[in-house]
Amino acid sequence: MVKHRGDGTGPDLPAQYFDTIGAPDVTAVITALWRRAHMILDGEPHVLDDDLGFWLADMPEVLAEVDRPRTQHWKQARLHALGLPVPKALRFAPFDFESGGSWVAALGDAGFDPASPAVVALAGLTQYLTQDAIQQTMRDVAGLAPGTTYVATFIVSPEAADPADRELIALTAQINKARGTPWLSTFTPGQFAHLAQESGLHNPTIITSATLTDRYFTGRGDALGPCSGEQILTAAV
Ligand SMILES: C[S@@+](CC[C@H](N)C(=O)[O-])C[C@H]1O[C@@H](n2cnc3c(N)ncnc32)[C@H](O)[C@@H]1O
C-alpha cells in the first residue's frame with residue numbers, strides 16, 4: 001500500500017491500461033495496473049522498476065507463482081494474448097489457500113524442490129486470507145528446508161497504525177469490500193510476529209514503514225512514501 005500526497009494531476013493513462021478491468025480478480029488487475037502506471041506517470045526514482053520479468057528470464061532457479069486457479073489462468077491467457085514470453089524459470093502453481101489442500105504439493109507439481117532452501121513471499125496476500133489459512137502457510141514453511149525465508153506483508157489493525165493513516169486504511173478496506181475482495185485479517189505487528197513464532201518460524205522480524213521510508217523514500221520531492229497500514233514480516237526456518 002503506497003500513499004501519495006501529491007495533487008493527483010498528471011497525464012491520462014492510455015486506454016489499453018483500462019481494458020482489462022473487470023477480469024476475474026480485480027485486486028490482482030489493479031496491482032498490475034498500478035505498477036505499470038507508476039512507471040508511466042511518476043518521475044524517477046521509481047519505487048519499483050517493473051523489469052523483473054526480464055531479469056527472471058536469466059534466472060537458473062525455479063520461481064513458482066501461487067494464485068487462485070481462475071486468476072492464474074487469466075494471467076497466463078493475458079501473457080499469451082499480449083505475446084509476452086513466460087521466462088523459463090517461472091512456473092505456475094494454481095492453488096486456493098482456503099481450500100484446505102497442500103500448497104507445498106501444488107508447488108511440487110510445478111517443479112519446486114521442498115528439500116532446497118527457498119524464499120516464500122506472500123506479498124499483498126494475507127489480508128485476503130483467514131487467520132487459519134495464514135497460520136497454515138507459516139506452519140508449512142516451518143517444515144521446509146533449513147535456510148528457507150518467509151516474507152509476508154500484513155495489514156495493520158487500525159488502532160496500531162499511525163493516526164494520520166487511519167482514514168486511508170479505512171477507505172482502502174471499504175474499496176476492497178465493495179469490489180468483492182474484503183480484508184479478512186488484520187494484525188498488530190506483535191500479533192503477526194507471535195503467530196509466526198507459534199507456527200515454528202524463527203527470528204520473526206517486522207520491517208516497519210518507517211524503516212522502508214528511511215531506506216527507499218528519502219530525498220524525494222513528491223512526499224511519496226509507504227503507509228503505516230501495511231508492514232512486512234520476515235522469518236527464518
Ligand atoms: C494484491 S494481489 C498481490 C499480487 C502479488 N503478490 C503482488 O504482490 O503483485 C492479491 C493476490 O492474492 C490472490 N489471492 C487472494 N485470495 C487468495 C486465495 N485464497 N488463494 C490464493 N490466492 C489468493 C489474488 O488472486 C491476487 O492475485
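## Aromatic pairs

Rings of Phe, Tyr and Trp (its six-membered ring) pair if their centres lie within 6.5 Å; planes under 30 degrees apart count as stacked, over 60 as edge-to-face and the rest as tilted. By this rule, the predicted model has four aromatic pairs. One of them is tilted and joins phenylalanine 187 to phenylalanine 192, with 4.9 Å centre to centre and 55 degrees between the planes. Ring pairs also link Phe95, Phe97 and Trp103 into a cluster.

Phenylalanine 187 is buried at 3% relative accessibility. Phenylalanine 192 is buried too, at 0%. Buried means under 20% relative accessible area, exposed over 50%, and partly exposed in between (1.4 Å probe, protein chains only).

## Basis of the model

This is a predicted model: local features need pLDDT of at least 70, side-chain atom pairs count only at pLDDT 80 or more, and totals for chains, interfaces and linings use all residues. Residues are numbered from 1 along each chain as its sequence is written, and side-chain values use heavy atoms, with hydrogens and water left out.

## Overall make-up

The protein has eight helices and eight strands. These are DSSP runs numbered from the N terminus (helices: H or I, at least four residues; strands: E, at least two). Of the 237 residues, 35% are buried.

Take contacts with a separation of 6 or more: residues 24 or more positions apart account for 76% of them. Contact means heavy atoms within 4.5 Å.

## The largest nonpolar core

A nonpolar core is a set of buried Ala, Val, Leu, Ile, Met, Phe, Trp, Tyr and Cys residues joined through side-chain atoms within 4.5 Å. The largest has 36 residues. Trp103, Ile134, Met138, Tyr150, Phe192 and Leu233 touch the most other members. Helices H4 (103–109), H5 (131–142) and H7 (189–198) each give two or more residues, as do strands S4 (119–122), S5 (149–155) and S8 (230–236).

Phenylalanine 192 contacts Thr126, Ile134, Met138, Ala152, Phe154, Phe187 and Leu233, leaving aside neighbours within four places in sequence.

## Helix H6

Helix H6 (residues 166–178) has 13 residues. From first C-alpha to last, H6 reaches 18 Å, close to the 18 Å expected at 1.5 Å a residue. That expected span is 1.5 Å times one less than the number of residues.

The buried residues of H6 are Ile169, Thr172 and Asn176. They sit on the same side of H6 because they cover an arc of only 65 degrees around the axis. The arc is that of the directions from the helix axis to the C-beta atoms. The face turned away from this buried side carries exposed Glu167, Gln174, Lys177 and Ala178. Glycine 180 follows H6, with a positive phi near 90 degrees.
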